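Subject: Structure handover

Hello,

Here is the structure we talked about handing over. Please look through it first; my notes on what was found come below.

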Amino acid sequence: MFGFGKKHQTIRVKFIESGKAEAFAQVDLPIERLPDTFEINTTLHIAEEDWEVVSAVPPQKAQFEKTGTLDITLCKPEITYVDPSEILFSLPTINDELPALENPPSMENVLVVLEDDWRQCEFIAGRYHNEINQECQSVINIYDTQRVESGFKTLHVRKIITHPLTETRITLAALENAFTIEHRYQGRCLQ
């Protein structure tokens, strides 16, 4: 009766340049031309120029499909040239293996993980005690010999433990009992 729960097929999109108050453009777009989420790095090509999405309100398709409106704040990407030898790593270690890739039907309700953050916190079976010590010693060595201010000249790539829970089972119920679950995601992706 009042249109609650209505899904809009056309979304009124306002484009706002970062730091400015007023939109520089407004357009009505079919819902299918918009991404499922703006919570991952997104670049839009507008009037022959690339723009990076700084923020989107609301950020997910399910939300702007309900409201019928979407405000996107954009900035022009800055290109900075840097001597590669001066670049520092922000982490002392990464894991060599990436997760298996999936083709989710949508990007809504998907946990976005920066690729360097994959397996920075992990469960490892206790039988890998010696391998864990080896990896930790290599990371300590990076801290001791490669640290420069807030970064690292090199990093340790962890390769020893490829399957940290082989022959070990952790049930979802055990995880729910051990941790406070604030949100359940339907999938994951790397950014």
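E49 is partly exposed, at 35% relative accessibility. (Partly exposed lies between buried, under 20% relative accessible area, and exposed, over 50%, with a 1.4 Å probe and protein chains only.) Its salt-bridge partner is K76, with the closest N and O atoms 3.4 Å apart. A salt bridge here is a side-chain nitrogen of Lys or Arg within 4 Å of a carboxyl oxygen of Asp or Glu. E49 lies in strand β4 (residues 49-57) and K76 in the loop between β5 (69-75) and β6 (93-95), so this pair ties together parts 27 residues apart in sequence. Helices (H or I, at least four residues) and strands (E, at least two) are DSSP runs, numbered from the N terminus. K76 also counts as partly exposed, at 42%.

Before the rest, two notes on the source. This is a predicted model, in which local features need pLDDT of at least 70 and side-chain atom pairs count only at pLDDT 80 or more, while totals for chains, interfaces and linings use all residues. Residues are numbered from 1 along each chain as its sequence is written, and side-chain values use heavy atoms, leaving out hydrogens and water.

Salt bridges

The count comes to 7 salt bridges. One of them joins K20 and E17, whose closest N and O atoms are 3.6 Å apart. K20 is exposed, with a relative accessible area of 52%, and E17 is partly exposed at 28%.

Another joins E122 and R158, at 3.5 Å between the closest N and O atoms. E122 sits in the loop between β7 and α2 and R158 in strand β10 (residues 156-158), so the bridge ties together parts that are 36 residues apart in sequence. R158 counts as buried at 11%, whereas E122 is partly exposed at 27%. R119, E122 and R158 are linked in a network of salt bridges.

Aromatic pairs

There are 5 aromatic pairs in the structure. Rings of Phe, Tyr and Trp (its six-membered ring) pair if their centres lie within 6.5 Å; planes under 30 degrees apart count as stacked, over 60 as edge-to-face and the rest as tilted.

F38 and F64 make a tilted pair, 6.2 Å centre to centre and with 50 degrees between the planes. F38 is in the loop between β2 (23-30) and β3 (43-46), and F64 is in helix α1 (residues 61-67), 26 residues apart. F38 is buried at 9%, and F64 is buried at 0%.

F123 and F179 make an edge-to-face pair, 6.2 Å centre to centre with 65 degrees between the planes. F123 lies in the loop between β7 and α2 and F179 in the loop between α3 (172-178) and β11 (187-190), so the pair ties together parts 56 residues apart in sequence. F179 is partly exposed at 47%, and F123 is partly exposed at 43%.

F15, F24 and W51 form one aromatic cluster.

Surface patch

F123 and F179 also belong to a nonpolar surface patch with L165, I170 and I181, with about 430 Å² of accessible area together. Patches are made of residues with over 30% relative accessible area and no salt bridge; like charges are joined within 9 Å and nonpolar side chains (Val, Leu, Ile, Met, Phe, Trp, Tyr) within 5 Å. Accessible areas come from the Shrake-Rupley method with a 1.4 Å probe, and for residues only the protein chains shown count as cover.

Regards
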